[in-house]
Amino acid sequence: MRTVLLASLRTHTRRYGAALLAVVIGSAFIVVTAALSSSMREGLTAGLGQPYDGADAVVDSPSAADAARLLDAARTDGADAWLIGWTMQQVASGTAGETSVIDTDIGQLPDRPDRRWQELVEGRFPGGPGEAVVDSNTAKVERIGVGDRLRIGTGSDALDVAVVGLVDSPSTYAYASVYLLWPELVRWQDQLFVTSLAWAGPDAGTAIRAVVPDADVVAVDAFVQDLHQQVNNGVDIVQVVVLLFGAIALVVGILVINNTFTILFAQRMRDFALLRCVGATRRQVLRSVRLESLALGVLAAVLGVLAGLGAGHGLVALVRSQWPEARLGTAHVAPAWLAGAAGVAVVVTVVAAWLPTRRAVRVSPLAALRPDDSTRVRTRSGRIRLALGGLAVGVGVLALAAAVATANVGALAVGGTAVFVGVLLFGPVLVPALIRAAGPLTQRLLGPAGRLAAGNAVRNPRRTAATTASLLVGVTLTTAVLAGMASSRAALAADMDEQHPIDLAVTGTGPLPAETLDRLEAIDGVAAAVPVPGAVARIGDLDPLPLLPATVDGDAKVLYGDLPVPGPDQVLVPWDLVGDGLEVGDLVPVTVGDTTRELRVAGGEGWGEAALVRRTTLDRLAPGAPTQAVWLRAAEDADPEDLAGSVEAVAAPVDAGVENGLARRAYVDTQLDVLTGGVVGLLAIAVVIALVGIGNTLGLSVLERGREHALLRALGLTRRQVRRMLAAEAVLLSVVATVLGTVLGVAFAWTAVRALVQPAVHGAGLVLPWGQLALVVTISALAGLLAAVLPSRRAARITPAAGLSLD
Amino acid sequence: MTSLLAASARGLTKSFGRGDTLVHALRGVDLDLPAGRFTAIMGPSGSGKSTLMHCLAGLDQPTTGSVQVAGQALEGMDDDALTRFRRDHVGFVFQAFNLLPMLSAEQNIWLPTELSGLAARDRGRQLQQRFAGIVETLGLTARLGHRPAELSGGQQQRVAIARALLSAPAIVFADEPTGNLDSASSAEVLSLLRQSVRELGQTVVMVTHETEAARYADDVVVLADGQVTERREVAA
Ligand SMILES: Nc1ncnc2c1ncn2[C@@H]1O[C@H](COP(=O)(O)OP(=O)(O)OP(=O)(O)O)[C@@H](O)[C@H]1O
Ligand SMILES: [Mg+2]
């Protein structure tokens with residue numbers, strides 16, 4: 001049998017090409033994941049402890065107020081303290097004419113030079129007020145240089161600083177874009193998020209507890225170790241999520257290889273029978289084909305690991321050189337990962353070959369002597385399969401219904417999987433039926449070639465179903481994600497309208513000059529501008545705050561939703577001013593000029609740094625109030641950062657603050673885009689494998705149908721018609737799989753929205769991204785065409801005379 | 001002998017491979033095939049019978065020499081033109097794999113008509129009648145809905161003959177049409193071919209190495225080592 005095994009490996013290896021490719025992609029994906037996560041881990045954990053160098057103790061997550069108290073105490077105690085934390089602020093850079101605005105994090109630069117964990121790469125550290133250092137990556141991306149001036153924050157809190165140096169952060173955890181000394185940073189104490197505070201000085205624990213009795217004081221080593229642990233856990237989660245997609249790709253790979261073996265063994269059935277005729281035992285044949293699949297698996301494992309190492313290291317090197325801000329470390333793929341990826345490749349191949357090999361050896365020696373009937377029309381296997389399919393769909397639908405009723409994620413996953421498996425089991429009936437339904441269309445378009453294509457596509461229902469199944473997996477998941485994301489986006493949009501009712505609110509600290517409105521209106525990208533009257537008021541003990549009416553003439557032009565309307569005796573104060581002496585429900589005096597009214601405090605936000613009252617209340621407090629603010633609606637295609645920059649350029653000279661709802665919206669949009677893109681990108685690997693599978697099935701079928709094509713050519717089918725016939729077959733397969741997958745995906749998205757989004761966001765419904773869905777179908781049709789290119793060229797090249805003498 | 005020629009070849013040579021594996025399958029064949037007659041091409045295995053037929057039928061290009069079928073020269077035709085030519089003027093019956101397995105017998109018979117772009121609903125009455133006549137003669141009426149795998153070898157060959165005859169081609173080529181059949185089925189198929197020549201005036205060229213089969217023909221051409229060595233009329 002050795003000679004048989006070697007000879008058949010030699011002859012058939014080329015036909016295994018596509019199956020090999022499927023496994024190689026899958027196992028390479030695992031290695032690439034390992035490379036990326038190792039470099040991510042390295043990048044994230046590097047230098048984690050450095051910001052705490054020289055500290056004697058760390059206070060874990062103090063409140064901003066406690067942290068401020070500790071910093072002050074350290075100074076008077078003769079000890080030393082610095083904090084790791086951030087406040088998110090708008091940072092405007094550039095000249096008045098050309099301002100660029102980003103929302104970014106501002107951190108603390110320790111006072112004492114020897115405590116500064118930031119590494120200076122250019123310029124110097126700040127020596128006093130009005131100076132800042134900027135992270136060198138941020139500087140590169142935002143084109144900020146030493147000597148530039150930045151305006152941090154807006155309105156009355158705004159701070160103008162000069163950039164005196166650029167720094168690198170040794171730790172991604174402590175990293176911020178801009179660092180300020182504490183006396184400058186303290187103005188945003190209310191909006192400061194402190195992860196930890198480092199304390200250097202004798203008897204640290206006692207000294208800290210003397211200031212903040214309930215402080216969570218931790219030893220430095222323990223704290224850093226804990227950080228390492230957290231980062232590792234984070235990377236582990238990412239890794240598991242990514243590997244999940246790898247698993248999906250491998251499942252699709254299994255379908256492809258399984259199909260390849262099934263087809264190849266069907267084609268070699270007579271060889272097997274002949275072997276049996278000349279005296280090979282069933283066991284010998286079985287061992288021979290199993291060894292063949294094992295050899296293939298080992299080959300795939302080696303290629304996959306090599307390809308994965310190459311792609312993984314290449315990718316990491318590319319990202320490190322092109323996007324240093326991604327902060328990847330060097331990649332080390334542990335041997336265990338390589339062994340795992342190789343093992344998966346071998347196991348996947350052998351498992352996928354298991355059933356087909358068993359079927360192959362069941363052949364009786366007589367089969368070699370019978371004439372070839374490669375297309376037996378009906379096979380008996382169907383009934384059990386259909387029954388199982390029905391059962392799976394039934395169970396799945398019940399589970400999905402339960403999921404909708406109880407908002408249970410587990411039930412959703414189980415139900416979705418069961419329904420999907422059921423549909424796959426129905427495949428041999430369902431898919432050919434759909435293809436037959438689409439058949440008349442191809443016939444109309446392509447004439448006889450189209451009709452033959454439709455016939456070819458369904459002549460082996462099981463093969464057809466198996467081929468489409470792999471694509472079905474990818475398309476179903478992709479469209480489910482697309483529809484689910486579109487629905488979540490729509491659900492969030494309602495929420496966003498409430499939280500950020502105004503794209504850009506320019507609120508003056510005093511009355512705005514008349515030309516401000518004109519200048520704002522003239523900005524490219526502003527679709528509408530509405531002047532808002534108001535007056536600066538004293539509310540309780542707060543600093544003077546502009547008072548605006550909740551309704552303005554023409555506000556429908558700029559508002560997404562309605563602003564909350566305060567009651568006749570109510571004043572809405574921004575949430576970040578509530579607390580610390582002014583509580584919701586308090587009755588406070590509100591004074592404009594020498595008019596005072598007692599109003600009850602409520603909280604709210606979305607209209608900028610101002611308080612909101614009823615129109616009538618404002619009229620009573622400040623009759624004939626001048627323009628205090630301008631509310632803007634951005635044009636549909638406006639770039640949020642450009643627009644904010646232009647608006648800031650107008651607002652800054654008149655000391656007006658800008659509330660940028662547009663940027664927040666854009667941020668959420670970007671997050672959703674990135675999430676959708678990432679998931680679809682990862683699923684694309686499974687889709688690519690599936691398309692390789694379609695090309696593969698078609699290629700093998702072409703080999704199998706060599707004589708048929710020769711006969712057709714002899715009887716008058718032109719080369720082009722042969723090519724068209726095969727292309728039509730591939731497109732039929734891929735489009736039917738895609739349409740079925742889209743229907744399933746949308747159905748799953750619908751249940752997921754019912755089960756998960758509706759309980760959270762009232763009134764959320766399914767929103768179909770028609771454009772994206774159409775794109776999916778178009779792409780898969782084109783990919784089907786692409787998959788047909790090689791096989792159809794090979795089929796058309798052969799001359800009829802040569803084809804007829806094929807064996 | 002009538003002067004009308006269904007096909008003719010002049011100076012036909014055909015070589016395969018090159019160098020060590022060079023094979024001269026045909027070495028200068030001159031041949032005239034008169035219309036309305038049943039010609040058998042005979043010769044030992046490997047003598048070039050199939051190759052000759054492929055060249056005559058436009059299934060393969062000769063290395064040198066010219067071929068004329070139904071008054072048209074085949075050299076210089078590109079693949080598409082050759083394909084269309086075959087579709088319109090030539091019928092085929094092969095030894096095996098004559099039929100498309102996924103089509104019924106009836107669909108197989110109509111296949112060339114369909115390939116030429118004639119939709120089922122546009123078939124003229126005359127064509128329908130011809131179809132009915134041929135099917136009746138060949139005794140296939142009860143088998144039209146069956147697929148090839150459900151037909152016996154003889155039945156499959158009869159379907160192939162029906163297909164070849166339906167479009168009344170200028171010439172029908174048959175390569176060992178009885179090679180896979182028992183003697184009774186062989187006799188049946190051969191008489192059907194002869195009948196089509198006698199009654200429908202069809203021209204048939206059959207490749208065979210069975211002397212028995214050659215008896216049904218009008219003329220016999222003997223090939224040896226790529227050359228015509230003998231040409232005779234069969235005594236009636
Ligand atoms: N595609 C090919 N490549 C190489 N040699 C070929 C090819 N086709 C035919 N031959 C060679 O050409 C010669 C004639 O072959 P052909 O098939 O015409 O013989 P034949 O008379 O039909 O034989 P048989 O009675 O066995 O069918 C043979 O020597 C054969 O080996
Ligand atoms: Mg031959």
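Ala, Val, Leu, Ile, Met, Phe, Trp, Tyr, Cys and Pro count here as nonpolar, Asp, Glu, Lys and Arg as charged, and the others, Gly among them, as polar. By these classes, the shell around ligand 1 has four nonpolar, seven polar and two charged residues.

This is a predicted model, in which local features need pLDDT of at least 70 and side-chain atom pairs count only at pLDDT 80 or more, while totals for chains, interfaces and linings use all residues. Residues are numbered from 1 along each chain as its sequence is written, chains are lettered from A and ligands numbered from 1 in the order in which they are written, and side-chain values use heavy atoms, with hydrogens and water left out.

**The ligand**

Of the 13 residues around ligand 1, those that come nearest are Ser45(B), Gly46(B), Lys49(B), Ser50(B) and Thr51(B), where a residue is near a molecule if one of its heavy atoms lies within 4 Å of it. The table lists polar contacts, each a pair of N or O atoms within 3.5 Å.

| Residue | N or O atom of the residue | Distance to an oxygen atom of ligand 1 |
|---|---|---|
| Ser45(B) | side chain | 2.5 Å |
| Gly48(B) | backbone | 3.0 Å |
| Lys49(B) | side chain | 2.7 Å |

Taken alone, ligand 1 exposes 630 Å², of which the protein buries 60%, with areas from the Shrake-Rupley method and a 1.4 Å probe. Strand E2 (23-34) and helix H1 (49-56) of chain B are the elements that give two or more residues to the shell around ligand 1, and the largest share, three residues, comes from H1(B). Helices (H or I, at least four residues) and strands (E, at least two) are DSSP runs, numbered from the N terminus.

**Helix packing in chain A**

The axes of helix H20 (residues 719-760) and helix H21 (residues 770-797) of chain A come within 7 Å and cross at roughly 150°. H20(A) is therefore roughly antiparallel to H21(A), a term for angles over 145 degrees, just as angles under 35 degrees count as roughly parallel. By class, the contact of H20(A) with H21(A) has 16 nonpolar, six polar and three charged residues.

Helix H7 (residues 220-267) and helix H10 (residues 335-361) of chain A pack at an angle of about 30°, with their axes 9 Å apart, and H7(A) and H10(A) are therefore roughly parallel to each other.

**Positive phi values**

Most residues other than glycine have a negative phi. Ser61(A), in the loop between strand E1 (57-60) and helix H3 (64-77) of chain A, has a positive phi near 40°. Ala168(B), which lies in the loop between helix H5 (153-166) and strand E7 (171-175) of chain B, has a positive phi near 45°.

Methods:
Axes are lines fitted to C-alpha atoms, for helices over the stretch in contact, and angles run from 0 to 180 degrees between N-to-C directions. Angles under 35 degrees count as roughly parallel, over 145 as roughly antiparallel, 65 to 115 as roughly perpendicular and the rest as oblique. A polar contact is a pair of N or O atoms within 3.5 Å; within protein, one must be able to donate a hydrogen and the other to accept it, and residues adjacent in sequence count only if both atoms are side-chain atoms.
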